[in-house]
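Dear colleague,

Please find below the sequence and structure for your review. My findings follow directly after them.

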Amino acid sequence: MTALAPTGRVIEASARVYRRTFRGSVMSTFLNPVLFLLAMGVGLGKLVDSGAGGSTLPVDYLTFLAPGLLASTAMTTAAGDASFPVMAGIKWRKTYEAILATPVGVGDLVAGHLGWIALRLTFVTLVYAGVMTAFGATSVVEGLLAVPPAVLTGIAVAAVVTAYTARLKDEMGLSSLFRWAITPLFLFSGTFFPVSQLPGWMHPVAYATPLFHGVELCRGIALDLPSAVSPWASLGYLVAMLALGWVLAERLMRKRLVK
Amino acid sequence: MADPLVIARDLHKSFGELVAVGGIDFEVRRGEVFGFLGPNGAGKSSTMKMIGAVSPISGGSLSVLGMDPAVDGPRIRARLGVVPQDNNLDEELTVYENLLIYGRYFGLPKKVIDPRIDELLTFTQLDERRKSRVEPLSGGMKRRLTIARGLINTPEMMILDEPTTGLDPQARHLLWDRLYRLKQEGVTLIITTHYMDEAEQLCDRLVIMDKGRIVAEGSPRSLIEQHSTKEVLELRFAVGTQEEHAHRLEGMAVRTEILPDRVLLYTHDADRSFDEVHAAGIVPESTVSRRATLEDVFLHLTGRSLVE
């Protein structure tokens with residue numbers, strides 16, 4: 001049997017670590033979509049559908065919300081996986097130092113790290129799509145079709161967050177990341193309401209964010225709705241972000257770890 | 001004689017303005033225990049990282065296992081075992097999982113790693129901890145596990161950066177014993193330390209480093225013979241009186257060294273020097289006679305003590 005490539009070994013190691021520590025996250029993986037769809041989709045949805053939402057949205061609120069939440073969940077999961085574990089690897093536990101003493105190099109480490117996040121995002125979004133379908137928010141096929149763009153959204157965010165974390169001196173920067181970037185993105189990128197509801201001057205800001213494009217793609221596919229921008233533009237945006245983030249992540253990680 | 005495993009010529013390492021290693025030459029031969037002795041900040045760890053092919057050299061040349069670390073990093077690392085200053089174990093995982101995952105980073109199949117883990121756990125006396133999580137283990141156990149981890153790929157050469165710093169005496173002796181056994185098995189060991197007793201116990205040959213340079217090189221015995229007398233008489237005087245006594249002691253020994261808290265007389269026969277001191281009517285508060293150590297060599301060459 002020939003040995004796996006170094007990138008594969010990093011993915012495998014991450015999976016082994018995950019098998020050991022997954023209990024906490026598995027609950028949230030299954031529970032979060034249920035809670036969100038219940039509270040927002042069903043609870044708030046009743047209010048929206050019987051009010052102005054009924055005339056503004058082309059579909060009922062739960063159906064509108066679900067694909068947006070799929071992309072948002074991919075983003076927040078990715079941001080979590082690309083920040084705290086990276087900080088632990090660099091600084092808290094210095095496990096990256098141990099890894100780099102083996103034949104695995106910085107490029108393999110970053111590729112494996114992102115590869116593992118992509119696998120985990122696939123799992124998380126598939127579960128989510130299943131819950132969406134169970135809630136009647138989408139059909140099985142359309143729910144499944146929305147998984148790839150959600151994973152793309154997440155992995156693009158993960159690459160940029162990895163690059164960001166590689167430069168951080170301490171954990172202060174991690175709370176800033178969630179407070180000033182991830183949470184506002186979660187709230188204002190069209191997940192909970194169409195961006196067209198925002199004041200006009202905020203539209204370009206929303207269009208410039210990755211989650212907006214992720215939400216548009218997922219919603220477009222899951223609901224077969226026309227989107228505000230061309231899906232090709234959204235796809236191009238996310239692919240470019242992934243490529244740029246990956247290159248940056250590798251460069252900054254090398255700068256941080258190879259001295 | 002076999003080719004040296006490591007050859008360094010005018011090796012430099014700098015971090016911006018800071019020069020960590022300022023041009024050193026050394027060779028490590030197959031099968032020996034080679035030591036870098038020196039105080040903190042002497043450039044020992046920087047040198048180790050360059051040998052480990054994880055830190056690029058800033059100048060000069062370096063060959064490790066006949067290869068250039070800048071070109072063949074992964075191939076060199078595949079044949080090295082590394083025990084870094086910090087244990088950097090994955091503390092959430094078990095002892096077994098740490099070893100398995102590390103073996104996989106080397107691309108070894110599980111059916112090769114598993115029997116190897118059995119051997120290594122016996123070797124490092126961690127058999128009973130196989131399924132324990134790493135976090136609650138003692139410092140000595142974590143250190144032994146880090147050594148077991150460094151041996152997972154059956155390396156030809158092992159690099160240990162301050163292997164016993166922070167360990168209690170028992171744990172240190174157990175570790176020394178294991179390192180000695182590795183040497184018996186033919187593994188080449190490179191260690192850094194700022195403990196002279198460790199260097200004397202373990203090293204066949206060593207270099208003494210100070211401020212990024214090598215100030216002396218040889219076997220522990222030859223270094224002591226070259227740079228010190230065989231015996232040392234330490235004299236401690238009442239506070240404030242050391243100065244006046246010290247002057248009178250000059251000439252009674254091959255060399256005297258005045259430290260803040262005591263005077264060292266370097267002599268061929270400490271007992272005789274003791275008698276001479278007494279005959280001269282000099283009465284110290286306490287005296288210790290001992291064999292010269294590497295600490296004396298370092299003190300002589302740099303005017304400072306090793307630890308601190």
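Helices (H or I, at least four residues) and strands (E, at least two) are taken as DSSP runs, numbered from the N terminus. This is a predicted model, in which local features need pLDDT of at least 70 and side-chain atom pairs count only at pLDDT 80 or more, whereas totals for chains, interfaces and linings use all residues. Residues are numbered from 1 along each chain as its sequence is written, and chains are lettered from A and ligands numbered from 1 in the order in which they are written.

I begin with helix H10 of chain A. Just after H10(A), Asp224(A) adopts a positive phi of about 55°. H10(A) itself covers residues 210–223, and its 14 residues reach 20 Å from first C-alpha to last, close to the 20 Å expected at 1.5 Å a residue; the expected span is 1.5 Å times one less than the number of residues. A residue is called buried if 20 or more other C-beta atoms, placed from the backbone, lie within 10 Å of its own, exposed if 12 or fewer do, and partly exposed in between. In H10(A), 14 of the 14 residues are buried, so this helix is largely enclosed by the rest of the structure.

Helix H3 of chain A has 32 residues and reaches 43 Å between its first and last C-alpha, close to the 46 Å expected at 1.5 Å a residue. Of the 32 residues of H3(A), 24 are buried, so H3(A) too is largely enclosed by the rest of the structure. Lys94(A), which follows H3(A), has a positive phi near 55°.

H3(A) (residues 61–92) also packs with H8(A) (residues 172–188): their axes come within 11 Å and cross at roughly 170°. Axes here are lines fitted to C-alpha atoms, for helices over the stretch in contact, and angles run from 0 to 180 degrees between N-to-C directions. H3(A) and H8(A) are therefore roughly antiparallel, a term used for angles over 145 degrees, with under 35 counting as roughly parallel, 65 to 115 as roughly perpendicular and the rest as oblique. Residues in this contact include Met75(A) and Phe84(A) of H3(A) and Leu177(A) and Phe186(A) of H8(A); two residues are in contact if their C-beta atoms, placed from the backbone, lie within 7 Å. By class, the contact has 9 nonpolar, 3 polar and no charged residues. Ala, Val, Leu, Ile, Met, Phe, Trp, Tyr, Cys and Pro count as nonpolar, Asp, Glu, Lys and Arg as charged, and the others, Gly among them, as polar.

The contact between the chains takes 24 residues from chain A and 23 residues from chain B. On the side of chain A that touches chain B, the largest share, 7 residues, comes from H1(A). That side divides into 12 nonpolar, 4 polar and 8 charged residues.

Chain B holds an open sheet of 6 strands in the order S5-S6-S7-S3-S8-S9, with mixed pairing; two strands pair if DSSP finds at least two bridges between them. S5(B) (80–83) and S9(B) (213–218) stand at the edges with a single partner strand each, so one side of each is left without a neighbour in the sheet. The twist averages 15° from one strand to the next. S8(B) and S9(B) run antiparallel and are joined by 5 bridges.

Finally, Glu162(B) has a positive phi of about 50° although it is not a glycine. Glu162(B) lies in the loop between S6(B) and H6(B).

With kind regards
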